[in-house]
Amino acid sequence: MGEDERLDLELHRRVAQRDRAGFDELYRRYVRQAYGVALRVTSQDLIAQEVVQDAFLALWRAPEAFDPARGGFRSFFLSLVHHRAVDAVRREERLRRRTERAANLEPATDEDPAEDVVEDAYLRVRRKEVQAALGTLPAAQRQVLEMAYFGGMTQVRIADELGIPIGTVKTRTLAAMRKLRVTLQEE
Amino acid sequence: MTEDHERIEELLAGYALLSLEGEDAGEADRLLSEHVPGCARCRRTLADFQALSGDLALATAPADPPETMLPRIHRAMDEVPLEGRRPRRVALVAVAASAVALVAMGGLSLVLGNRLNDAKTQAGTALEILSAMRSSGAQPVNVAPQGETPPESGLVEVSSAETGTIYLAAIDCPEPAAGHAYQLWLGSNGEWVPVGKMFWPQDGVVLLELKDVDVSRYDAIWISEEMAGAPPSKPSTQWHSWSGELS
């Protein structure tokens with residue numbers, strides 16, 4: 001376990017003990033990334049704010065939801081934000097509006113607007129690894145992955161949008177996840 | 001049962017990305033309750049895919065939230081004081097010891113007792129629930145069906161403030177819709193927080209044990225049917241749901 005993971009665990013422990021300073025520090029570590037993914041998924045700043053706010057409040061009110069035995073805090077919390085964002089857009093029925101955006105592959109960028117931000121500096125390394133791993137995917141695999149993850153679309157919807165069999169969507173999705181799994185575990 | 005792991009991993013990938021619906025979501029639900037817990041390969045695959053789901057968030061550029069967000073969160077934190085509330089005085093607590101709840105407890109005890117012989121994986125939980133129910137001072141909370149939820153489907157909650165454990169049990173819990181699952185919520189002054197992972201009944205039986213929950217902080221319990229995955233920000237009311245009051 002690296003120093004950053006240890007710090008996450010320490011901050012989570014402080015949150016579980018109702019330590020507001022610990023909560024604020026955890027907030028500063030993750031809020032920009034959380035807001036970034038919430039914005040990308042929802043395309044609505046007010047909804048994204050609500051998603052992020054609710055996620056942090058959920059962490060404060062039920063810190064026991066994170067079980068260190070099941071994985072790292074970073075994945076847990078960003079998954080929580082992503083899940084809430086997807087849930088929010090599905091509830092708002094804004095899926096169709098965002099479909100075109102999701103279908104247009106947004107290239108992973110080497111630019112990192114967070115370079116000068118100290119608070120989430122430790123995320124920068126992993127961010128570059130994830131972006132690089134995405135860049136190694138064949139375009140067709142990456143397309144279905146991004147439509148699902150960032151577009152919040154179901155596989156049935158993706159198949160419909162792309163005019164391909166759902167079996168192909170499933171195959172491409174699994175291939176993408178397997179490749180990312182191997183690539184990122186090698187990092 | 002021999003399972004096709006290629007097919008299972010396709011479903012687990014879709015599940016981790018929240019992109020299943022219909023029959024696929026139902027099949028994933030079945031696998032998650034029946035196959036994955038006993039398959040080391042699938043447990044590892046699911047854990048890896050879920051971790052990937054978190055890491056994929058990093059592919060997006062971070063963004064600055066409004067400066068008002070943290071103060072708003074602080075205010076919301078203050079609206080639900082978590083400390084200083086009157087602690088429960090007995091180790092095993094519950095309210096709503098209505099006749100319905102007591103009848104439910106009796107029937108439940110019988111069913112759980114019978115299941116101990118053929119459900120080893122749940123025997124520990126069943127024993128804990130039975131023990132808690134039979135302990136001095138224990139009173140089950142009747143978590144009553146709401147809306148169109150079948151009236152015979154009530155759940156029973158027993159909690160221990162002393163051990164920080166909450167138990168939930170039912171014998172006639174309906175199956176949630178395909179792609180859906182149930183979520184336990186605890187409430188305080190109208191604010192709800194999801195507690196524990198989503199769950200599914202097995203043949204109508206729910207045996208749930210959640211540790212490290214400070215039940216004294218809450219005054220109400222709610223179980224709601226939700227889309228499988230992460231819970232929403234508050235309980236859904238359009239599907240099956242049950243609620244009860246804690247003291």
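Student: Before we count anything, what counts as a helix or a strand here?

Tutor: Helices are DSSP runs of H or I with at least four residues, strands are DSSP runs of E with at least two, and both are numbered from the N terminus. Please keep in mind as we go that this is a predicted model.

Student: How much of chain A is buried?

Tutor: Of the 187 residues in chain A, 45% are buried. As for contacts in chain A between residues at least 6 apart in sequence, 69% of them join residues at least 24 apart.

Student: Let's pick one residue. Where does Leu80(A) lie, and why does it count as buried?

Tutor: Leu80(A) lies in helix H4 of chain A, which covers residues 73–92. Leu80(A) counts as buried because it has 23 C-beta neighbours inside 10 Å, and the cut-off for that class is 20 or more.

Student: And what is Leu80(A) in contact with, leaving aside its neighbours in sequence?

Tutor: Once the residues within four places in sequence are set aside, Leu80(A) is in contact with Ala55(A), Ala58(A) and, from the other chain, Ala230(B). Phe56(A), which is 24 residues apart from Leu80(A) in sequence, is 9.5 Å apart from it in space, taken C-alpha to C-alpha.

Student: You mentioned chain B. How many residues of the two chains are in contact?

Tutor: On the chain A side there are 59 residues, and they are in contact with 49 residues of chain B. The elements of chain A that each supply at least two residues to that side are H2 (20–42), H3 (45–61), H4, H6 (121–135), H7 (139–149), H8 (155–162) and H9 (166–186).

Student: Which helix gives the most?

Tutor: H4(A) does, with 12 residues. By class, the side of chain A that touches chain B has 31 nonpolar, 13 polar and 15 charged residues.

Student: How do H4(A) and H3(B) cross?

Tutor: The axes of H4(A) and H3(B), the latter being residues 40–55 of chain B, come within 7 Å and cross at roughly 70 degrees. Because of that angle, H4(A) is roughly perpendicular to H3(B), and the crossing is left-handed.

Student: Which residues make that contact?

Tutor: From H4(A) they are Arg74(A), Ser75(A), Phe76(A), Leu78(A), Ser79(A) and His82(A), while H3(B) brings Gln50(B), Ala51(B), Ser53(B), Gly54(B) and Asp55(B). Sorted by class, this contact has three nonpolar, six polar and two charged residues.

Student: Changing topic, how do H1(A) and H2(A) cross?

Tutor: H1(A), which is residues 3–16, and H2(A) have axes that come within 7 Å and cross at roughly 135 degrees, so the two helices are oblique to each other. H1(A) passes H2(A) in a left-handed crossing. Leu11(A), Arg14(A) and Val15(A) of H1(A) make the contact with Gly22(A), Phe23(A), Glu25(A) and Leu26(A) of H2(A), which by class gives four nonpolar, one polar and two charged residues.

Student: Last one, which residues of H8(A) are buried?

Tutor: The buried residues of H8(A) are Gln155(A), Arg157(A) and Ile158(A). They lie on the same side of H8(A), because they cover an arc of only 155 degrees around the axis. Just after H8(A), Gly163(A) takes a positive phi of about 70 degrees.

Notes: Residues are numbered from 1 along each chain as its sequence is written. Chains are lettered from A and ligands numbered from 1 in the order in which they are written. This is a predicted model: local features need pLDDT of at least 70, side-chain atom pairs count only at pLDDT 80 or more; totals for chains, interfaces and linings use all residues. A residue is buried if 20 or more other C-beta atoms lie within 10 Å of its own, exposed if 12 or fewer, and partly exposed in between; C-beta atoms are placed from the backbone. Two residues are in contact if their C-beta atoms, placed from the backbone, lie within 7 Å. Ala, Val, Leu, Ile, Met, Phe, Trp, Tyr, Cys and Pro count as nonpolar, Asp, Glu, Lys and Arg as charged, and the others, Gly among them, as polar. Axes are lines fitted to C-alpha atoms, for helices over the stretch in contact, and angles run from 0 to 180 degrees between N-to-C directions. Angles under 35 degrees count as roughly parallel, over 145 as roughly antiparallel, 65 to 115 as roughly perpendicular and the rest as oblique. A crossing is left-handed if the near helix is turned anticlockwise from the far one by less than a right angle, and right-handed if clockwise. The arc is that of the directions from the helix axis to the C-beta atoms.
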